Structures are given as C-alpha cells and as structure tokens.
Amino acid sequence: MIRQTVIAALMLAASGIVAQSPAPRPKFDAFEVATIKLVDSDAKTGRFIKMEGLHRFIGKDYTLKLLIAAVYSLNPRTISGGPRWTESEHYDILAETPGEVRPTHDEQMAMLRKLLAERFKLTFHREQKEFSIYALEVAKGGPKLKASTASPDEPAALISTVYPQHILLPARNTTMGEFTSMMQRAILDRPVVDRTGLTGKYDFDLEWAPDETQLNGDVTGAPAESPAVPLFSAIQQQIGLRLEATRGPVDAFVVDKAERPTEN
C-alpha cells in the first residue's frame, strides 16, 4: 500500500497536477506610486476612498484633516493642531498598490498613513481629553440585526449614498466596532463609543433624513416632507440600537507638523 501511494504521488508530480502553494501575500507597506493633486472641492461628486480593480486606489476631495480622520478612524473634532490649510485645502489622491492581490481596508489605510508621513511630512502625538460623545447601546427590545452570511475573510462594506431627501447605508459583514468607527469619522459631529456588547458580524440597512450637523456639514438638512426619519430614530427603529449623548475620555490626535505635498 505504501509503495502504491508513493508511485501515485510521483505520477501526479510528473503530470504537473500537484497543488501549488498560494503565492505569499505581499507586504502593503507603501503605495508603489502615488499622485496628490490640489483640487477645488465639489460636493456634487462626493468624497470617497475606494479601490478600482486590484491595484488602483482613489481618494477623492479630502482635506488633510479628513484624511487623518479616515486613516486613524477618528472623529474630526478630536484632531487639533497644524496649519490652517489642513482644514481648507482639498486633495485628490491616485495611487497604485503592490502585489497581485487587492489590499484589505486595513492594508489600504496602512499605506495611506505612510503616504501622509512621507508626502505631507505629518508628525503627531496623542493626548487623553474629555469630549462630548455618543455611546452606542442596545435599545429596549433588543437588536434588530441579521448575522452576516458572508465569508469571515470578506471585508466589511459600509458605503453611504446621499440622496436629496435621505441617506441610505447598506452595511454588510460589519462589526459594531466598524459601524461606530464609520459613524464617528464620517457621519456624526462627535466621537462614538461602542457599548453594545455585540461581538458578531452583521448585515443591516439604515435609512435616515440627515441634518446640517452630519457629514462634516457637507449636506443640507432633509426637507420637512422627507419620508425618512431622523438618524437617532432610524437607528432605534430599524436596527434596535440607540445613541446616548454623554461625556467621556477620548484619545485625541494633535498635529505637531504638516507640510503641503508635492503633487508627484
């Protein structure tokens, strides 16, 4: 039996059928090339960070302050220091990623952090400060969330779309940590802390009527005739959670140095 097994293995090797080990995942330490372009802000085109295909990374219409919020998952209010242009000048970033696989969101953010350090000469330190915050908690009656059926390796999807009367956020394969992170850096005007105790990955849809305090003031409030409900009501009615206004310590981000980047 042993001799037959050895012969079979040799025959498979000779025919080229032996399974090959997968190529090692590249180290996404830095973008291969990156272009940074100063642009006029355009609310119509929207602000976003995304991958196109395996290698093309795009950041659209970001100030340096909002880039910091994105890569370090912060609410912009917790970022201080630095020259005034970090909040007023907008940039587009176009970059190529290394290797033959698409980087995860965390890998994209790691490369973007390196870009900020090298091209914007960004240096910073952290300080504990107390802020007005929102605590995300389970509402009375319990959560209304569906356990995700996606592969554990599949990245979370949290991309909101702004319509004239409402905002639609389909969340897929998402943890509560990822949800609160997105809410504090992109939607709400103060930090958000996850106090739900929920540890799974979930699929849910959230639809609400925005007001002027949300999305960094880049959207106008929904008209009175909008069929959508305000965000706080939507979170409770649609997903069984609630946002509680309170105060608490936050690890704030202080810019020590930043320089305008060269475009290439």
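Guide: What covers the buried residues of α4 includes β1 (33–39), β2 (48–52), β3, α2 (64–71) and β5 (90–96). Here contact means heavy atoms within 4.5 Å, and buried means under 20% relative accessible area, with exposed over 50% and partly exposed in between (1.4 Å probe, protein chains only). Helices (H or I, at least four residues) and strands (E, at least two) are DSSP runs, numbered from the N terminus. This is a predicted model, in which local features need pLDDT of at least 70, side-chain atom pairs count only at pLDDT 80 or more, and totals for chains, interfaces and linings use all residues. Residues are numbered from 1 along each chain as its sequence is written, and side-chain values use heavy atoms, with hydrogens and water left out.

The buried residues of α4 are Glu107, Gln108, Met109, Met111, Leu112, Leu115, Leu116 and Arg119. The end C-alpha atoms of α4 are 21 Å apart, in agreement with the 21 Å that its 15 residues should span at 1.5 Å a residue; the expected span is 1.5 Å times one less than the number of residues.

Now to the strands. An open sheet is built from four of them in the order β1-β5-β3-β2, with antiparallel pairing; two strands pair if DSSP finds at least two bridges between them. Because β1 and β2 stand at the edges with a single partner strand each, one side of each has no neighbour in the sheet. On average, neighbouring strands of this sheet are turned by 10° against each other, direction ignored. Between the antiparallel β2 and β3 there are five bridges, and Glu52 has Arg56 in β3 as its bridge partner.

α4 lies across β1, β2, β3 and β5, at about 65° to β1. α2 lies across β2, β3 and β5, at about 130° to β3. For these angles, axes are lines fitted to C-alpha atoms, for helices over the stretch in contact, and angles run from 0 to 180 degrees between N-to-C directions.

Two backbone details are left. Most residues other than glycine have a negative phi. Just after α4, Lys121 takes a positive phi of about 55°; Lys121 lies in the loop between α4 (105–119) and β6 (123–138) and is partly exposed at 38% relative accessibility. Asp61, in strand β3 (residues 56–62), has a positive phi of about 65° although it is not a glycine, and Asp61 is buried at 4% relative accessibility.
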